[in-house]
Amino acid sequence: MKEIRLYGVMMKAHRLFHINKHLSDWDLSPVEGKGLYVRQNENYGHIEIKIYKSLEYDTKMIWNLNSAQLPDEWGAKEAVEHALRFFISYLEGIRGEDIPLIFEVIGGSYHPVDSKARNYTTATIYAIVDCFAKNVIEFRSHRLIKKNIY
């Protein structure tokens, strides 16, 4: 017999618990949220998103940032996409149906030393929570790297 240790696929996924009721009642009208993950030593990620019902049967991410706003070198885009894919599965599990959505990434910032892909995954989870419950995770705007916000 061999034991295999299993890890969760999404950091901070437990934060979604706080919005379960909102998700089950959501009429799919547009919502916006901001997520900022800042800790000491190589931990900075900031993402802003808008979520709404797709008029087609496809779920899509629209990346409205260029590489000057959020460089690709840290894997932020893939990290955000990973968190959004997780959220789609989470939402569909709660609601018991397929739900085609549009996710627009409408803002973000980075730190030239402290930004890493995993920080954008966490910031995206925080942004999703903020879409539905503004008071669950404090958005500390004074900690933003202001020169990179567009």
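The legends below describe an overall view and several close-up views of one predicted protein model.

Because the model is predicted, local features need pLDDT of at least 70 and side-chain atom pairs count only at pLDDT 80 or more, while totals for chains, interfaces and linings use all residues. Residues are numbered from 1 along each chain as its sequence is written, and side-chain values use heavy atoms, with hydrogens and water left out.

**View 1. The whole chain and its order of elements.** The protein has three helices and four strands, where helices (H or I, at least four residues) and strands (E, at least two) are DSSP runs numbered from the N terminus. Read from the N terminus, these elements follow the order α-β-β-β-α-β-α. The C-alpha trace spans about 50 × 40 × 30 Å along its principal axes. The radius of gyration, taken over C-alpha atoms, is compared with a globule rule of 2.2 Å times the number of residues to the power 0.38; for 150 residues a compact globule would come near 15 Å, and the value of 15 Å for the protein agrees.

View 2. Among contacts (heavy atoms within 4.5 Å) between residues at least 6 apart in sequence, 82% join residues at least 24 apart. There are 20 positive and 19 negative side chains, and the centres of the two sets lie 7 Å apart; Lys and Arg count as positive and Asp and Glu as negative, with His and the chain ends not counted, and each charge is placed at NZ of Lys, CZ of Arg, CG of Asp or CD of Glu.

**View 3. The largest nonpolar core, around I51.** A nonpolar core is a set of buried Ala, Val, Leu, Ile, Met, Phe, Trp, Tyr and Cys residues joined through side-chain atoms within 4.5 Å. The largest one here has 40 residues, and those with the most contacts inside it are I51, F87, L101, I128 and F132. At least two residues of this core come from each of β1 (31-39), β2 (43-53), α2 (76-95), β4 (101-109) and α3 (117-132), and the largest share, nine residues, is that of α3. Apart from this core lies another, of six residues, among them L36, V38, L144 and I145. Leaving aside neighbours within four places in sequence, the contacts of I51 include W26, V31, F87, L101, I128 and C131. In soluble globular proteins, nonpolar side chains tend to be buried together.

**View 4. F132 in helix α3.** F132 lies in helix α3 and is buried, with a relative accessible area of 12%. Beyond neighbours within four places in sequence, F132 is in contact with I19, H22, L23, W26, V31 and F87. The C-alpha atoms of F132 and E32 are 8.2 Å apart, although 100 residues separate the two in sequence.

View 5. L28 is found in the loop between α1 (20-25) and β1, where L28 has a positive phi of about 70° although it is not a glycine, and at 14% relative accessibility L28 counts as buried. P30 lies in the loop between α1 and β1 and is exposed, with a relative accessible area of 53%. Not counting residues up to four places away in sequence, P30 touches K50, I51 and Y52.

View 6. L70 is found in the loop between β3 (60-63) and α2 and, at 0% relative accessibility, counts as buried. Its contacts, leaving aside neighbours within four places in sequence, are I47, W63, L65, A76, S109, Y110 and Y120. T59 has its place in the loop between β2 and β3 and, at 33% relative accessibility, counts as partly exposed. T59 and I102 are 43 residues apart in sequence, with a C-alpha to C-alpha separation of 5.7 Å.

Technical notes:
Buried < 20%, exposed > 50% of the residue type's maximum accessible area, 1.4 Å probe, protein only.
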